Amino acid sequence: MTGRRARGVAMAATAALLLVGCGVPENATLRTIDRETVPYRLLEDAPAAAPAPETTPTGPAVTVPQVYFVDQEDRLVPQAQPLGAQGVFSVATSLLSSLAAGPTEDQRARGLATALGPDVGLRLAQVTNGVASVEIALSEQGPVADRLPLAIGQLVLSVTSVDGIDAVRLLQNGEPVEAPLPGGERTSEPLVPSDYVTLLTPSAARVQQQPAPEPTGSTPAPGGSPTGR
């Protein structure tokens, strides 16, 4: 049997099955349909399905918070600080390590410095309800009194650049301590970015003062008991 005739017979058999399903008597006579009478393209092979697009696996999302240093005009300048850590607590802990280490050689070459002084100790105790409690220990060569607001401003602005942290509470030996504000006041309440916005460069201040998105709530991070504003 030739290929053309075989395909014609197969098509006739298929048609018969369809007719039976539609109620045509089973003893209906089968006719072989010549290929030349079949409508155009009806006997062509169905096109192969298009392959699904390949997906490229992605690694852990990298957050890019900001670490703040002091420029030559004693203004606070944000520097992007890529971190591969995951979760609010881990990201903030890594950011504090970068802040305590001070500017890199490249950043120092661009005139950036830190008001925190050498051998500063910064440890994140807990993050609860958007408030980060940070243990701070300044060395004997820490900042002089009139530069303390710059030092604390570096800390507050850096830590609150982490998504999920809105304020910073300073601790020493587990107890809240008073922090100096730019105007000369002191407070033991949690510190927020707006407390130190006057210390920023004009361009950074404009960015800082942009409306923040509506908070969606935060989950307490590991460590300690809840503290609130």
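The legends below describe close-up views of a predicted model.

Residues are numbered from 1 along each chain as its sequence is written, and side-chain values use heavy atoms, with hydrogens and water left out. Because the model is predicted, local features need pLDDT of at least 70 and side-chain atom pairs count only at pLDDT 80 or more, while totals for chains, interfaces and linings use all residues.

**View 1. The largest nonpolar core has 44 residues.** A nonpolar core is a set of buried Ala, Val, Leu, Ile, Met, Phe, Trp, Tyr and Cys residues joined through side-chain atoms within 4.5 Å; buried means under 20% relative accessible area, exposed over 50%, and partly exposed in between (1.4 Å probe, protein chains only). Leu 155 and Tyr 196 touch the most other members. At least two residues each come from strand 1 (66-70), strand 2 (76-80), helix 2 (88-101), strand 3 (121-128), strand 4 (131-137), helix 4 (148-159), strand 5 (167-172) and helix 5 (202-208). Helices (H or I, at least four residues) and strands (E, at least two) are DSSP runs, numbered from the N terminus. Helix 4 gives the largest share of this core, 7 residues.

**View 2. Helix 2 has buried residues on one face.** Val 91, Ala 92, Leu 95, Leu 96, Ser 98 and Leu 99 are buried in helix 2. Seen down the helix axis, the buried residues fall within an arc of 160 degrees, so they line one face; the arc is that of the directions from the axis to the C-beta atoms. These buried residues pack against strand 1, strand 3, strand 4 and helix 4, where contact means heavy atoms within 4.5 Å. For its 14 residues, helix 2 should span 20 Å at 1.5 Å a residue, which agrees with the 20 Å between its end C-alpha atoms; the expected span is 1.5 Å times one less than the number of residues. Gly 102, with a positive phi near 85 degrees, follows helix 2.

**View 3. An open sheet of 4 strands has the order 3-4-5-6 and mixed pairing.** Strand 3 and strand 6 (175-176) are at the edges, each with a single partner strand, so one side of each lacks a neighbour in the sheet. Helix 2 packs on the sheet, touching strand 3 and strand 4, and its direction makes about 160 degrees with that of strand 3. Axes are lines fitted to C-alpha atoms, for helices over the stretch in contact, and angles run from 0 to 180 degrees between N-to-C directions.

**View 4. Strand 4 pairs with strand 3 and with strand 5.** Two strands pair if DSSP finds at least two bridges between them. Strand 3 and strand 4 are antiparallel over 7 bridges, with Gly 121 opposite Ala 137. Their hairpin has 2 residues between the strands, and Asn 129 takes a positive phi near 55 degrees there. Strand 4 and strand 5 run parallel, joined by 5 bridges; Ser 133 stands opposite Arg 169, and Glu 135 has Leu 171 as bridge partner.

View 5. Ile 152 is buried at 5% relative accessibility. Beyond four places in sequence, Ile 152 touches Ile 136, Leu 170, Ala 179, Pro 180, Leu 191 and Tyr 196. Ser 158 is buried at 0% relative accessibility. Beyond four places in sequence, Ser 158 contacts Gln 66, Val 67, Tyr 68, Leu 95 and Leu 99.
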